[in-house]
Amino acid sequence: MRHVRGFDIIRPLSVGMLVLMMLPLVFLPLLSIFVFGMRNGLDKFWAALMAPEAVFALKLSMATSFWATVFNVVFGLFASYVLSRYNFWGRNALIVTISLPTAIPTAVAGFALLLLWGPYGTLGRFLAPHGISVMFTAGAIILANVFVTFPLAFGVIKPVFDTMSRSLEEASATIGATRWQTFWYVTLPSLRGAIVSGALLTFARAVGEFGSTILVSGNLAGRTQTAPLYIFAKFNEGQIEAANAIAIVLALFSFLIFSVLFFARDWLDVD
Amino acid sequence: MSTEEDTLKAKQKLIEEQKQKTPTSDPTLPTATSVVGISKRFGKTSVLENISFDVAEGEALVLLGASGSGKTTILRIIAGLEQPYTGHIILHGRDVTELPARERGVGVIFQSYALFPKMTVEKNIGYGLRIRRRRRKEIKETVNELLSLVQLEEHRKKYPSQLSGGQQQRVAIARTLAYKPEVLLFDEPFGALDTQTRTHLRREIRALLRKVNVPAIFITHDQEEALELGDRVAVINKGHIEQIGTPFEIYNQPATEYVATFLGAANILDGVARDSFLEIGSARLPLPEQPKYNSGECVKIVFRPEDVSLSKTEFVKPGNHKLSPAVVEEISFVGAYERVRLQLGKGSDSSCLTDEAALLTTQAPESYSAKSIIATRPKPEAAATRLHVGDRVVVSITSFTILSPKQARQ
């Protein structure tokens with residue numbers, strides 16, 4: 001039997017309205033980055049991109065984000081394991097504490113780190129006389145990235161741990177596997193999808209981090225200036241082309257990560 | 001030093017004693033698994049009390065009990081996934097009580113099968129050998145053998161989610177057989193399957209176990225499954241073993257009222273033992289030679305609905321024991337047979353007081369409460385003598401079992 005139905009006016013209307021709404025919100029701003037960036041031709045764009053400070057800023061962003069991601073995945077796994085496998089007093093308080101940074105303004109996060117580790121900070125002032133400074137280094141940027149993004153990896157990995165059947169691990173144990181073998185061969189493969197999404201989310205978020213980074217890094221061009229800080233600095237100096245070139249790279253980069261997240265999820269979760 | 005030896009000797013002695021208490025079905029077969037005096041508590045609640053049984057080489061033992069009876073805990077203790085409060089687990093003469101699960105060499109087939117979802121059928125089966133760091137060639141050969149044993153050769157590259165429930169179960173069994181387990185433990189193996197597949201798989205597993213000759217312990221709450229699967233059945237109730245025996249013994253000679261009623265329908269009547277007979281109301285049934293009962297001792301008799309014979313006349317078939325007149329209360333057709341509910345005549349049931357109460361009363365009182373029993377009749381018999389509600393019949397029984405409170409308590 002063929003189902004014949006009349007033309008439904010509501011459908012194209014509502015779809016059209018949604019597209020119209022997204023135009024000024026997302027499409028047009030993003031489009032303008034590319035339009036402005038390419039206005040003076042590809043070679044100008046390339047020259048702006050290849051400026052030593054710009055290259056350094058991009059590299060620093062990638063490196064600090066990478067290490068923050070590595071840390072977050074390893075400790076996100078550990079935290080998820082502990083908090084979903086063991087029941088202890090104060091467990092929920094710990095879960096809330098770990099997730100708290102999502103709700104904290106990033107500038108506050110950066111300020112808090114500065115107050116702790118800065119040269120006159122609670123801990124920092126004991127380190128400063130020994131020539132150890134935590135703030136205004138690449139390490140400080142990683143620290144800020146971890147602080148801000150840790151709940152992301154944790155938030156993706158822990159639910160998978162929670163829903164994972166205990167009998168898989170028990171079966172592995174009765175078959176003769178050590179705890180480590182069970183984790184490596186049974187638990188970890190089931191977490192593959194969650195680990196990849198957690199890592200990508202962390203990385204994307206860390207690359208774009210601004211509020212906390214600007215406070216803890218010192219924003220020294222060629223030393224502690226990340227890509228978003230570079231955009232901000234160049235914009236303030238009136239060098240719109242320089243800012244725009246990096247903006248294009250960061251925008252393309254987030255498209256890439258987002259597409260991987262979007263299209264790879266099915267592939268990653270294949271049973 | 002000597003104290004250590006002493007405890008070892010004491011342990012051996014305890015084990016020997018317990019073995020004598022619960023003989024295996026075939027004493028010529030060596031014992032594969034012994035559970036000796038296991039008890040378990042969760043906090044203050046005791047979930048298992050002094051559980052002891054043996055499983056012989058190649059034998060299938062079924063632990064039958066309602067949910068919450070503690071049967072799953074027994075299985076988990078044998079597997080090493082749970083620690084007992086007291087007692088020992090002996091696998092082929094080796095006391096494994098203190099060993100972690102991975103060092104016991106026990107094969108557990110979980111209710112959900114617990115196949116590793118990211119591994120193919122092959123990888124699942126080879127897992128036990130891979131973690132034992134066996135040579136690649138050896139693993140391949142063993143996996144091939146097992147794949148053909150469980151007839152899953154063409155599914156070797158599939159993932160568990162692509163298999164049916166029965167196939168997944170076979171993979172789970174093959175996965176444990178790969179490392180030659182001391183004993184196989186099945187946790188409600190057919191719980192997740194429909195009735196038809198169940199019956200089919202039951203026979204399949206039975207045949208498979210005979211082929212590989214590995215002792216097995218099954219857990220189930222399904223009495224039909226228990227009777228069909230087990231060489232012996234242990235009925236578990238509230239953390240203790242009510243009775244352990246062959247399916248025939250468990251069904252036909254139940255030791256306790258719980259066993260009698262848990263395994264299918266059972267009629268239970270109160271009676272009093274006299275010098276040479278058993279008094280059930282006005283009926284007199286023969287008393288067996290053994291065990292001896294004291295005159296005046298309270299007993300219960302159990303008989304199955306199919307042990308009941310109904311007659312419209314006073315004539316009772318030779319060999320049957322006449323019980324009482326009765327009135328037909330309800331007749332229902334249940335497919336293969338007819339089920340009749342009968343109200344026994346007054347005085348068909350001897351009520352009996354406890355010892356303390358008997359001291360207070362000089363006269364043995366008789367209960368005159370009416371009692372209902374269930375009888376089943378096969379089709380030909382039902383067709384030969386048609387019964388209607390309200391008909392008066394004479395009830396006799398072909399066989400019965402005597403339960404005494406003494407026995408029930410063990």
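**Two chains, question by question**

Reader: Which residue is the bridge partner of S309(B) in β19(B)?

Author: That's S396(B), sitting in β19(B). A quick heads-up: this is a predicted model, where local features need pLDDT of at least 70, side-chain atom pairs count only at pLDDT 80 or more, and totals for chains, interfaces and linings use all residues. Residues are numbered from 1 along each chain as its sequence is written, while chains are lettered from A and ligands numbered from 1 in the order in which they are written.

Reader: What makes β15(B) and β19(B) a pair?

Author: Two strands pair if DSSP finds at least two bridges between them. β15(B) and β19(B), residues 392-397, have four bridges, so they pair, in the antiparallel sense. (Strands here are DSSP runs of E, at least two residues, and helices are runs of H or I, at least four, numbered from the N terminus.)

Reader: Why do β15 and β18 of chain B stand at the edges?

Author: The open sheet runs β15-β19-β16-β17-β18 in chain B, with antiparallel pairing. β15 (308-311) and β18 (372-378) each have a single partner strand, so one side of each is left without a neighbour in the sheet. On average, neighbouring strands of this sheet are turned by 45° against each other, direction ignored.

Reader: Which strands of chain B are in the order with β13 and β20?

Author: Here the order is β13-β12-β11-β14-β20, five strands in an open antiparallel sheet of chain B. β13 (283-286) and β20 (401-403) are at the edges because each has a single partner strand. The twist averages 40° from one strand to the next. Inside this order, β11 (267-273) and β14 (298-303) pair over six bridges, and D270(B) stands opposite K300(B).

Reader: How many residues lie between β1(B) and β2(B) in the hairpin?

Author: Two residues, and G43(B) in the turn has a positive phi of about 65°. β1 (31-42) and β2 (45-56) of chain B pair in the antiparallel sense over eight bridges, with I38(B) opposite I51(B).

Reader: How many residues does the contact take from chain A and from chain B?

Author: It takes 16 from chain A and 20 from chain B, where contact means C-beta atoms, placed from the backbone, within 7 Å. α8 (166-175) and α9 (179-207) of chain A each supply at least two residues of the side that touches chain B. α8(A) gives the most to that side, with seven residues.

Reader: What does the domain assignment of chain B give?

Author: Domain 1 (2-106 + 181-257) and domain 2 (265-409), with bounds from an automatic or database domain assignment. Five residues of domain 1 of chain B are in contact with seven residues of domain 2 of chain B.

Terms used. Contact = placed C-beta atoms within 7 Å. Axes fitted to C-alpha atoms, helices over the stretch in contact; angles between N-to-C directions.
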